[in-house]
Amino acid sequence: MRRVSKLFAAVGTAAALALSATACGSTSTESSSGSDSSESAKGKGIALAYDVGGRGDQSFNDAAYAGFEKARKDFGIGGKDIEPSDGEADADKVQRLTELARQGYNPVIGVGFAYAPSIKEVSEKFPKTTFGLIDDNTVQAENVANLVFSEEQGSYLAGVAAAKATESKVVGFVGGVEVPLIKKFEAGFVQGVKDTDPSVTVKTQYLTQPPDMGGFSKPDLGKEAARGQLDADADVIYHAAGLAGQGVIEAVAAQDKWVIGVDSDQYEQKTLAKYKDRILTSMTKDVSGAVYNLVKSVQDGDPLSGEVRFDLESGGVGLADSNPEFTKMTELQEAVKKAKEDIVSGEIEVKTAP
C-alpha cells in the first residue's frame with residue numbers, strides 16, 4: 001500500500017447533485033448498473049457510510065456522494081451507500097461496516113470522524129479491504145486512508161470575506177456541535193475576521209454539545225441560532241453545521257443578509273436555490289475529490305494509506321465564487337487573494353483551535 005502524508009493535486013469536486021434523504025439506517029443506493037456484473041478482484045465497488053444528517057444535506061454528505069457517483073461512472077464499478085440511524089451507537093457502525101466489507105466492497109468509506117472507533121475495529125478484521133476515514137487521522141493502519149482537510153485555512157478566507165462584506169461590523173459563526181473539528185472552522189474564521197478588521201465583533205454559537213450530535217441534523221436549531229445573531233446586528237453569518245446549516249441559510253436570507261455556506265458550493269445546490277442570492281460564498285472541502293482519489297488508488301492496485309491531507313495549496317479547501325455579487329466585490333477579492341497567498345507561503349499561520 002502507498003503511504004502518503006499529503007495530496008498536492010486533488011481531483012476537482014464533481015458537480016453536486018440535488019438529492020433527498022432516505023430512511024435512516026437503510027441502503028440509499030445500490031449500483032443501478034448492477035454491482036454483481038462489475039465485480040472484480042478489487043471487489044464489488046465502493047461503499048459509503050454517511051455521517052449524521054445523511055444524504056441530502058446539500059453539504060458534507062452530498063459532497064461525498066458526488067465523489068461516489070463520479071467514481072462509479074468513471075471506473076464502471078458497483079456501489080452501495082447507507083444512511084445512519086438517529087442516535088446510533090458505535091456498535092451499529094461496526095455492524096454496518098462489517099457487512100459492507102464482508103459483501104466485498106472495496107474501498108469502504110466512513111463519512112465523518114464519528115466512524116473512527118468502528119473503522120479501527122473493523123479494519124483489523126478485514127486487512128485486505130481498504131477503509132477510508134474522512135475528517136479523522138487517529139486510526140493508524142496499513143489498510144486505512146485518513147482523508148483530512150485544513151478547514152482552518154479555508155475558514156480564514158471566509159473570515160476575511162465576512163470582515164470585508166459586513167456593514168454592521170458584527171458577524172456570526174454557527175457550529176453544529178462543539179467538537180475539535182468544528183472548532184477548527186471557528187478558529188480560522190475568527191482569526192481571518194480579526195486580522196482583516198479588529199473592530200469587527202464575532203458572535204459564536206454551537207447548536208449542541210457532545211455526545212448530542214443533533215446539531216448537525218436539525219435545521220430548526222440552525223434557524224433559531226441565526227435569528228439570535230441577526231437580532232444582535234450580525235449581517236454576515238458563517239455556518240459549519242451540516243444539515244442544520246440549511247436553517248441558518250433560510251433565516252439569513254429572510255432578512256436579506258449574507259450567509260457563508262460550507263463543504264459544498266451551497267450557491268449551486270438546487271434545494272437551496274430560493275436562497276442563493278444571499279449565499280455570498282461557501283468554504284468548500286473537496287470531499288468529492290478525496291472519495292474519488294481513494295477509489296482510483298484501489299482500482300489502480302496501489303491503495304492510499306495513512307494521512308492524505310487536502311489544504312489550501314492543493315485546492316482541497318477554498319472559497320466558491322459562483323455568486324456574481326461576490327466576484328464584483330473588488331476590495332474583498334483582493335483581500336482574499338492576498339490572504340490565500342500568505343497562507344500558502346507560510347507568512348500567515350492559521351490556528352486550529354480558538
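Me: Which residue in β10 is the bridge partner of Gly175?
Reply: That's Ala240. Keep in mind that we're looking at a predicted model.

Me: Okay, and how many bridges join β8 to β10?
Reply: Five, and the two strands run parallel.

Me: What sheet do they belong to, and in what order do the strands come?
Reply: An open sheet of six strands, in the order β9-β8-β10-β11-β12-β14. The pairing is mixed.

Me: Which strands stand at the edges?
Reply: β9 (201-208) and β14 (317-319). Each has a single partner strand, so one side of each has no neighbour in the sheet.

Me: What about helices, which strands does α4 lie across?
Reply: Helix α4, residues 151-165, lies across β8, β10, β11, β12 and β14. It runs at about 15 degrees to β14.

Me: And which strands does α5 touch?
Reply: Helix α5 (residues 180-196) packs on the sheet and touches β8, β9, β10, β11 and β12. The direction of α5 makes about 170 degrees with that of β8.

Me: Switching to α7: is it mostly covered or mostly open?
Reply: Mostly covered. Of the ten residues in α7 (245-254), eight are buried. Among them are Gly245, Val248, Ile249 and Val252.

Me: What covers those buried residues?
Reply: The cover includes helix α6 (219-231), plus the strands β8 (170-177), β10 (236-240), β11 (258-263) and β12 (279-285).

Me: What's the phi like at Asp256, after α7?
Reply: Positive, near 55 degrees.

Me: New topic, holes! How many cavities of 30 Å³ or more are there?
Reply: A search of the whole structure finds two.

Me: How does the lining split by class?
Reply: For the largest cavity, eleven residues are nonpolar, four are polar and five are charged.

Me: And what lines the second largest cavity?
Reply: Asp51, Val52, Phe113, Ala114, Met213 and Phe216. This second cavity has a volume of about 30 Å³. Its lining has five nonpolar residues, no polar ones and one charged.

Note on methods: Residues are numbered from 1 along each chain as its sequence is written. This is a predicted model: local features need pLDDT of at least 70, side-chain atom pairs count only at pLDDT 80 or more; totals for chains, interfaces and linings use all residues. Side-chain values use heavy atoms; hydrogens and water are left out. Buried means under 20% relative accessible area, exposed over 50%, partly exposed in between (1.4 Å probe, protein chains only). Helices (H or I, at least four residues) and strands (E, at least two) are DSSP runs, numbered from the N terminus. Contact means heavy atoms within 4.5 Å. Two strands pair if DSSP finds at least two bridges between them. Axes are lines fitted to C-alpha atoms, for helices over the stretch in contact, and angles run from 0 to 180 degrees between N-to-C directions. On a 1 Å grid over the protein atoms alone, a cavity is a set of points where a 1.4 Å probe fits but cannot get out, and a pocket is an open set with protein on both sides within 12 Å along at least five of seven lines; lining residues have an atom within 4 Å of a point. Grid points are joined across faces, edges and corners, and a volume is the space filled by probe spheres set on the points. Ala, Val, Leu, Ile, Met, Phe, Trp, Tyr, Cys and Pro count as nonpolar, Asp, Glu, Lys and Arg as charged, and the others, Gly among them, as polar.
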